[in-house]
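Please open the structure in your viewer and keep the selection tool at hand. The stops below take you from one place to the next, with a note on what to look for at each.

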Amino acid sequence: MSNGKAKAYTNIALIKYWGKQDEDLIIPSNSSLSLTLDAFYTITNVSFSKNNQKDRFYLNKQLQNNQQSKKVYQFLDLVRKKAQTDLFAEVTSYNHVPTAAGLASSASGMAALAGACNEALRLNLSNEELSALARRGSGSACRSIFGGFVEWEKGNSDSSSLAHQIESNHWEDQLAMIFILVNDRPKTISSRLGMQQTVKTSSYFPIWVKEAEKDLIIAKNAIAYQDFEALGKVSEANALKMHATTLACEPPFSYWSPDSLRAMDEVRTLRQQGFSCYFTMDAGPNVKVLCQKNDAPAILQELQKEFLPSQLIIANAGPEIEFLERNVSR
Ligand code: 2P0
């Protein structure tokens, strides 16, 4: 039996990943940039044993059915091939996401699974190699291997599409992200499907890819100069461009709910009042507000006038993946 355990933190993209050039290998059409956060994480234990008759996946103590386990089982097949083993696995995962947050994260989940498999099967992968492996589970997971600001270089092959940390002199420690949870219903279009639809049918997609590459350069410069306004501005603009692609799909769709619009409007109003804050949004209705740590209490206080305390969560920059245990007996 061999056992491995890892803890990985979620990340939120400031320059988004949206669209794949290779669906099977999960190679994106554009490079992306994210901030790893401390507030949400996954701890995963995996044990490969000849006593297992088949793969099993438990999430927060609940045994998941085949449909819910599909991505996990596909990932286990991949690592078995890599490690040249045919042992089945039991995967036990705990998602540390505040209840009703609607933020179940494939990024931290797949990164933790990749890390746990690396330990259990003694793959001895570097963090860069682990990033490329995690990517095969879920694209955004490759960024959760690293802490702070992270760039996922799109690359053009299985081994060249991976993430790395961006040197920032720990500037990320001065930033914060406030989550506005506007809706906890399960999303109707998964990000995987939303991207597919966009690549296939959105006339805005080719423009998106070009814009995202330009935005990435602006964001990296902003990080290099520790220019918060520049980083916030390009992040907000990039999120809006990503969401614009969905409106140009056939049929069109949107991840926004009425409350998302209300939250975005609130951020713009706060800015007009002199608060330095910018929003971003992913493949769901929640709105995330990027601000500087020193300003976070005052911005939170303003947001509390519009939203319930239970709808607001503050996150700070988070660390790289942590390997918790390894136990091998043969
Ligand atoms: C991102 N998202 O950069 C973008 C922005 C959602 C919107 O990465 O198909 O769950 O497994 O590679 O990683 C979510 O996409 O998709 C995502 P797959 P994933 O964070």
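Select Ser 140 together with the ligand, and you will find a polar atom of the Ser 140 side chain 2.7 Å from an oxygen atom of the ligand. Bear in mind from here on that this is a predicted model. If you now show the surface, consider that the ligand taken alone exposes 470 Å², of which the protein buries 94%.

Now turn to the aromatic side chains, which form 7 pairs in the structure. Select Tyr 17 again, this time with Trp 152: their ring centres are 4.6 Å apart and their planes meet at 65°, and because an angle over 60 degrees counts as edge-to-face, that is how this pair is classed. Where do Tyr 17 and Trp 152 lie in the chain? Tyr 17 belongs to the loop between β1 (2-15) and β2 (20-22), while Trp 152 is in strand β8 (residues 149-153), so the pair ties together parts that are 135 residues apart in sequence. Tyr 17 counts as buried because its relative accessibility of 10% is under the 20% limit, and Trp 152, at 0%, is buried too.

Move on to Phe 40 and Phe 179, another edge-to-face pair, with 4.8 Å from centre to centre and 80° between the planes. Phe 40 sits in strand β4 (residues 32-49) and Phe 179 in strand β10 (residues 175-180), and their pairing links distant parts of the chain, 139 residues apart. Are these two phenylalanines, Phe 40 and Phe 179, buried or exposed? Both Phe 40 and Phe 179 are buried.

Two further stops complete the tour. Select Trp 18, Phe 253 and Tyr 255 at once, and you will have one aromatic cluster in view. Finally, select Lys 7 and Tyr 41, where the charged end of Lys 7 sits over the ring of Tyr 41, at 4.3 Å from the ring centre.

Note on methods
Residues are numbered from 1 along each chain as its sequence is written. This is a predicted model: local features need pLDDT of at least 70, side-chain atom pairs count only at pLDDT 80 or more; totals for chains, interfaces and linings use all residues. Side-chain values use heavy atoms; hydrogens and water are left out. A polar contact is a pair of N or O atoms within 3.5 Å; within protein, one must be able to donate a hydrogen and the other to accept it, and residues adjacent in sequence count only if both atoms are side-chain atoms. Accessible areas come from the Shrake-Rupley method with a 1.4 Å probe; for residues, only the protein chains shown count as cover. Rings of Phe, Tyr and Trp (its six-membered ring) pair if their centres lie within 6.5 Å; planes under 30 degrees apart count as stacked, over 60 as edge-to-face and the rest as tilted. Helices (H or I, at least four residues) and strands (E, at least two) are DSSP runs, numbered from the N terminus. Buried means under 20% relative accessible area, exposed over 50%, partly exposed in between (1.4 Å probe, protein chains only). A charge sits over a ring if NZ of Lys or CZ of Arg is within 6 Å of the ring centre and within 35 degrees of the ring normal.
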